[in-house]
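Hi,

Here's the structure I said I'd pass along.

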Amino acid sequence: MEFVLVLSSSSSSASPATAAPGTGPGTHPGEAGALPADAWRTAELRAENAYVGALYDRLEAQRALAAARLRETHLQDQGGTYQSRMERDTLELHHTRRLSELHAAEYGLCFGRIENADGERRYIGRIALADEDHEPLLTDWRAPAAEPFYRATPAAPGEVAARRHLRSKGRTVVDFDDDAFGVSTPEGRTGSELSGEGALLASLTADRTGRMGDIVATIQAEQDRVIRSELGGVLVVQGGPGTGKTVVALHRAAYLLYTHRDRLAKRGVLVIGPNTTFLRYIDQVLPALGESEVVLSSIGVLHPGVTATGPDSPEAAAVKGDARMVGVLAAALEGLRQLPEESWTITVGRRSSRQEELEVGRALCLRAHAAAHRTGEPHNPARAELVERLTSELALRIARERGGEMDLDAVADLADALVDEPDVQALADRLWPLLTPEQLLTALYGSAELLAAAMPDFTGAERAALLRERADRETGREQADRGRTTPGGPAGPWTVADVPLLDEAAELLGPSPGNATTDRAAAVAEARELEFAKLVLEDFGEGLVEIDAEMLARQYRGEQSLRPLAERAAEDRTWAYGHVIVDEAQELSPMDWRMLTRRCPGRSMTIVGDLAQTGAPAGLDSWGEALDEYTAGRWRTVELSVNYRTPAEIMRVTEGVLRALDPALRAPSAVRDGGIPPWSLRIPEDDPAPALRSAVEREIAALDGGRTAIIHAPTWPADRVGALAGLDGVAVFDDPAALDSPVVLLTAAQAKGLEFDAVLVVEPAEILAAHNRGVNDLYVALTRATRSLGVIHSGELPEMLAGLEAR
Ligand SMILES: Nc1ncnc2c1ncn2[C@@H]1O[C@H](COP(=O)(O)OP(=O)(O)OP(=O)(O)O)[C@@H](O)[C@H]1O
């Protein structure tokens, strides 16, 4: 494999001798009458500091203005009418947003500039700033005018004659790098294809903090093309480890919200990550870019009211993720709608003197079922039709049996009265029970008969993977009585693979109908509120705040104050997002995809992942598997090719692993050498546990700052995990403080998407053997390090790791 690039630490800043002419305020060193290099650099820095200082003054002035407007809003009459409350809160939301944008721009406000052949300069930064006469001082990185800053390369500079990256500490510019457009290097190339090498290298080699940072200052050309790709349709970003897929996807969210605010901000953007620890890892990036209309979530918490915490066996996860589960749920629901063999007997009028027994035959029940089916409504709302059919037929029969003249009004009254009869309700419960998604799934998992009836196309082993013991499980009814809480699943908490099934069940079931009279009254009130909210928004003019009339109206139901979009969207299962971004998308099952596409009816999505890293039992082997069904012919793929995380020495070790996965696969080119050869250490085979513990302990003691991951097989029993977890400074993955701890103990699946300064992979043969995607897991484990990699093993080292230097 060829590693193209390649930064070395000496390239941290282009020397004035290679800097493009015309990039400084005065004459360039080397030109007649020029300053010596040091003096030139000092003068340049002074000039840049003066400019950036003025930008901060302007930022302060803007903040003061936004704060004053916010104060004015607060001072407005606190009581007031419904309309004035709506208006005040809408304005407050607007000013608060603006203020938080201005605060977010504080760190690294301005990070670069470009200059054209006429010497015209444009400074690029986190937000746009203009002077009092509206003359631009700073261009927002997302604006079209900033694009050349990211796209210009020595081979294709476009209109850019010179580009400078500024590096700051606090508000002070401490260094800068000039990209050498048009200047030949000793190798005969016109500079590197990388933009801002010095700033890039500084950022890539800095100690990891446990939190991902933004990269606005050093976005590379191929990444910028992804970020600015058009909004519509589905964009698949395939890229090997460390190519910046996550960070690019997050910057794309910020770019899309800026560029298409009118279309996106009211609906928000949903970002899906693999788990909550990962979401914590990335949760600072968008706020640092001034964005708040983004909901970060994972499959395990996407169904409101449920937090999946339970484990699934690989077999159960594979079955639950199978697309055929759509039919299984529908069949299970059908199985819960009972029918009498011949007839059931019910008693009505128990509370009156006219108690009557009625035979309810199978034929009537079938007619009632058919009437409910004909509504085309989901299960729960359709029950009203079933009850209607039952009670009108029964009322007619009663009237006929009582004899005398038939009066239609009297029959209708009788039918209405029958609705409240306990036996009629109990009959309806057997024929067509009102159900929550949790009850449906609990019933399915708890009954071998129902599983057999609903899953004829699955094997016995597959059905058995779903069957749960009833003894220690509360029933669906008990859960419903307690409200939908977690844990509350069958035999313990719900699992991640249960979540798309609960969501699918919610689609099948629809909402539980309440009291019809109250429902009608509520609908009238809602319509009135909606009209009113439209008027309020008309008064304000479009676009002042990112909310539409329906949301505004909904907001004021229950007298709540206006809540941020992320909060409102996260608790609404039917929320339709304007754009959905899926990270580590290769891990998602067909059922996960169904749930996600429901959240994005417009099918505007960015999907990032790496098929070589798929580890989930129901995960993807090709993108078409997931996308053809929902967006056939409407998805496009781009590839990221440069690995910014992992040094070239480590990537060389992964070549054998990748070959074992698929000889056609190519690893991305590492952007730099790391200087530390990856190593392996063999420990005694007979009693490896104490040897492993002391080897790991030694490595931890030798750590020189930074953060370390110890990656082990998912099949490790608790006592083996416990032995390493007990070491000083070691946190386990589920610990909320895991990301802040110097050493984290975790599996490859848990490490997905994360990165560490140093990585210790322990017992790689066990990772390989753990399940049928063990090679993918090993590839993930090996590619998490930004600096050093060590492999500790008892027994033979797997052949595919032959590139390691034995210690
Ligand atoms: N242009 C850039 N400037 C600075 N840092 C960058 C740039 N691109 C990527 N990085 C850094 O490289 C590292 C890897 O990025 P990221 O996690 O987004 O990669 P990934 O493709 O999602 O990796 P994986 O698939 O292995 O999870 C991160 O620390 C990220 O900040």
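Below is what I found in it, starting with the whole chain and then moving to two spots.

Before anything else, keep in mind that this is a predicted model.

The whole chain

There are 31 helices and 23 strands in the chain. Of its 807 residues, 43% count as buried. If you take the contacts between residues at least 6 apart in sequence, 72% of them join residues at least 24 apart.

Strand β18

Five of its five residues are buried, so β18 is largely enclosed by the rest of the structure. Side chains in a regular strand alternate between the two faces of the sheet. In β18 both of those faces are covered: T708, I710 and H712 are buried on one side, and A709 and I711 are buried on the other.

What does β18 pair with? One partner is strand β20 (residues 743-747), which runs parallel to β18 and is joined to it by five bridges. Strand β21 (residues 756-762) also pairs with β18 in the parallel sense, over four bridges.

The annotated binding site

UniProt, in an unreviewed entry, lists G239, G240, P241, G242, T243, G244, K245 and T246 under "binding site".

G239 is found in strand β7, residues 234-239. Is G239 buried or exposed? It has 23 other C-beta atoms within 10 Å, and 20 or more make a residue buried, so G239 is buried. Leaving aside its neighbours within four places in sequence, G239 is in contact with K245, D610, E639, L640 and P668. K245 is itself on the UniProt list.

T246 has its place in helix α6, residues 245-259. T246 is also buried, because 26 other C-beta atoms lie within 10 Å of its own. With neighbours within four places in sequence again left out, the contacts of T246 are M212, I282, D583, V608 and G753.

Cheers

Terms used. Residues numbered from 1 in each chain as written. Predicted model: local features only at pLDDT ≥ 70, side-chain atom pairs only at ≥ 80, totals over all residues. Buried ≥ 20, exposed ≤ 12 C-beta atoms within 10 Å, placed from the backbone. Helix = DSSP H or I, 4+ residues; strand = E, 2+ residues; numbered from the N terminus. Pairing = 2+ DSSP bridges. UniProt positions renumbered as here; feature names shortened; annotations may be inferred. Contact = placed C-beta atoms within 7 Å.
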